[in-house]
Amino acid sequence: HKQQTQKLKQSYIEKWHESTVKPSQFYEQHAKAGKRQKNYFYSVDLQGRVFLEETLPKNIATSIKSPQFLDFFYKRMKRVSSKE
C-alpha cells in the first residue's frame, strides 16, 4: 500500500512538472526578442531546486547543483512583470 501511494504521489508530481513547461510558441517568441543573446529558461520547485525548463523528470538527480551557478542564479533572480 505504501509503494502504491508513493507511485501516485510521484505520478502527480511528474504531471505537475510537465504542466510547467510552456508551449513552444513561448520559447520562439522570447528567442526572437533576444536575437543577440542566448536565452535559457529555468524552473524552481517548491524545495528551491533549479532545473532547465525542459528537463523531465525533475528530481534531485536532474537538478542543477553547481554552487557557483546557484549563487549567480539566486542573486540575479527577479520577478517578471507582465510587460516583459
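Residues are numbered from 1 along each chain as its sequence is written. Because the model is predicted, local features need pLDDT of at least 70 and side-chain atom pairs count only at pLDDT 80 or more, while totals for chains, interfaces and linings use all residues, and side-chain values use heavy atoms, with hydrogens and water left out.

**View 1. E14 in helix α1.**
Start with helix α1, which covers residues 2–20 and includes E14. Helices here are DSSP runs of H or I with at least four residues, strands are runs of E with at least two, and both are numbered from the N terminus. E14 counts as partly exposed because its relative accessibility is 34%. Buried means under 20% relative accessible area, exposed means over 50%, and partly exposed lies in between (1.4 Å probe, protein chains only). Now find L56, which is 42 residues from E14 along the chain; the two C-alpha atoms are separated by 7.9 Å.

**View 2. The ring pair Y42 and F73.**
The structure holds four aromatic pairs. Rings of Phe, Tyr and Trp (its six-membered ring) pair if their centres lie within 6.5 Å; planes under 30 degrees apart are stacked, over 60 edge-to-face, and the rest tilted. Y42 and F73 form an edge-to-face pair, because their planes meet at 70°, with ring centres 5.4 Å apart. This pair links distant parts of the chain: Y42 belongs to strand β1 (residues 42–44) and F73 to helix α3 (residues 67–76), 31 residues apart. Y42, at 27% relative accessibility, counts as partly exposed, whereas F73, at 16%, counts as buried.

**View 3. F73, Y74 and the ring cluster.**
Stay with F73 and look at its pairing with Y74: the ring centres are 5.4 Å apart and the planes stand at 85°, so this pair is edge-to-face. Y74 has 35% relative accessibility and therefore counts as partly exposed. Ring pairs join Y42, F69, F73 and Y74 into a cluster.

**View 4. D45 in a loop.**
Where is D45 placed? Look in the loop between β1 and β2 (50–52). Its relative accessibility is 8%, so D45 counts as buried. The side chain of D45 reaches the backbone nitrogen of Q47 at 3.0 Å. Leaving aside residues up to four places away in sequence, D45 touches H17 and F51 (contact means heavy atoms within 4.5 Å).

Technical notes. A polar contact is a pair of N or O atoms within 3.5 Å; within protein, one must be able to donate a hydrogen and the other to accept it, and residues adjacent in sequence count only if both atoms are side-chain atoms.
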